[in-house]
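Here is a short tour of one protein model, written for someone meeting a structure like this for the first time. Keep the picture open as you read, and look for each residue as it is named.

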Amino acid sequence: MIEYLTPAEIDQMRPAGVFVAQVLAELQATTTVGTNLLDVDARAHAMIRERGAQSCYIDYHPSFGGSPFGHVICTSVNDAVLHGLPYDYALRDGDLLSLDFAVSVDGWVADSAVSFVVGTPREQDLALIEATRVALDAAIGAARVGNRLGDISAAIGAVARARGYAVNTMFGGHGVGRTMHGDPHVPNNGPAGRGLRLRPGLVLALEPWLMSGTDQIVTDPDGWTLRSVDGSRGAHSEHTVAITADGPLVLTARSA
Ligand code: MG
């Protein structure tokens, strides 16, 4: 079922969006060569406790997950691109890290992801990350009243294609509000001008993720981490975006 929120309800989502943005900015600023993924998770967990927020991940156990997630943030490194389960790993120079984080604050969920390189970046990794950012901006630009859902998908797909990346549409954007994952699914590619007509009050997590060499993924033995089949690296950019009469409102915008 697709939920449409009132302007007052969208306002109530703002604190969740601000908090998710703060946590990701803080983690990006403090994560460097040598940082352990379990410490990234622990820092996020401490901030959740301090804020009195609720993790959307720790007990999360959907059909595609091997077991309850057990952590509060996804840490996907290099050829891992989505749902990276934190484990005892100290980041190395040049690692590409994607952090995906969703929490509930006062009953409202915000969901956002950021990718960055620790230490010395490779040119191709920066280009890949930039492609997901540009694709996300294009998706947000298409999240307008009167457009259709397919316009968002097409905007993402066009950026990916123009930069030479194939797109996997198995996982993509989704409705978000009182729960982390609601209808509709927002594929990261597809024809423009089709699908649901966008109306004020629809709140979507838009999340282009791309891999540099393939569009095929495989699940790790940990039951969660999704990795490219060919070892090529992946990147991921995500924001929670409310469609309003005044245009798209990015609830998880990071000022830093
Ligand atoms: Mg997310």
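## A first look

H83 is buried, because its relative accessible area is 14%, and the cut-off for buried is under 20%. Please keep in mind that this is a predicted model.

**H83 and its surroundings**

- You will find H83 in the loop between β3 and β4.
- Which residues does H83 touch, leaving aside its neighbours within four places in sequence? H83 is in contact with F64, F69, C74, S76, F171, W224, T225 and L226.
- One of these contacts, C74, belongs to strand β2 (residues 74–77).
- H83 also has a positive phi of about 60°, although it is not a glycine.

**Backbone details to look for**

- Here is some background: most residues other than glycine have a negative phi, and most peptide bonds are trans.
- N78 has a phi near 60°, a positive value in a residue other than glycine.
- This N78 lies in the loop between β2 and β3.
- N78 counts as buried because its relative accessible area is 13%, with the cut-off at under 20%.
- D183 and P184 are joined by a cis peptide bond, with omega at about 0°.
- P184 sits in strand β7 (residues 182–186).

- How many bridges pair β4 with β5? Ten bridges pair these strands, in the antiparallel sense.
- Strand β5 (residues 108–117) is mostly covered, with ten of its ten residues buried.
- W108, A110, S112, V114 and F116 point one way from β5, while V109, D111, A113, S115 and V117 point the other way.
- β2 and β4 run antiparallel and are joined by four bridges.
- In this pairing, S76 stands opposite S98 in β4.
- C74 and S76 point one way from β2, T75 and V77 point the other way, and all are buried.

**An open sheet of three strands**

- Another group of strands has the order β3-β11-β10, forming an open sheet with antiparallel pairing.
- Its edge strands are β3 (80–82) and β10 (217–219), each pairing on one side only.
- From one strand to the next, the twist averages 45°.
- Three bridges pair β10 with strand β11 (residues 226–228) in the antiparallel sense.
- Within this pair, I217 stands opposite S228 in β11.

**The nonpolar core**

- The largest nonpolar core has 26 residues, and those with the most contacts inside it are F19, L27, I73, L99, F101 and V103.
- α1 (7–30), α2 (37–51), β4 and β5 each supply at least two residues of this core.
- Which element gives the most to this core? That is α1, with six residues.
- Leaving aside neighbours within four places in sequence, L99 is in contact with L24, L27, V40, I73, C74, T75, S112, A113, V114 and F116.

**Helix α3**

- Helix α3 (residues 123–142) has 20 residues.
- From its first C-alpha to its last, α3 reaches 29 Å, close to the 28 Å expected at 1.5 Å a residue.
- Its buried residues are D125, L128, I129, A131, T132, A135, L136, A139, I140 and A142.

- Distant parts of the chain are linked here: D100 is in strand β4 (residues 96–105), and E238 is in the loop between β12 (234–236) and β13 (239–244), 138 residues apart.
- Are D100 and E238 buried or exposed? Both of them are buried.

Methods:
Residues are numbered from 1 along each chain as its sequence is written. This is a predicted model: local features need pLDDT of at least 70, side-chain atom pairs count only at pLDDT 80 or more; totals for chains, interfaces and linings use all residues. Side-chain values use heavy atoms; hydrogens and water are left out. The expected span of a helix is 1.5 Å times one less than its number of residues. Buried means under 20% relative accessible area, exposed over 50%, partly exposed in between (1.4 Å probe, protein chains only). Two strands pair if DSSP finds at least two bridges between them. Axes are lines fitted to C-alpha atoms, for helices over the stretch in contact, and angles run from 0 to 180 degrees between N-to-C directions. Contact means heavy atoms within 4.5 Å. A nonpolar core is a set of buried Ala, Val, Leu, Ile, Met, Phe, Trp, Tyr and Cys residues joined through side-chain atoms within 4.5 Å.
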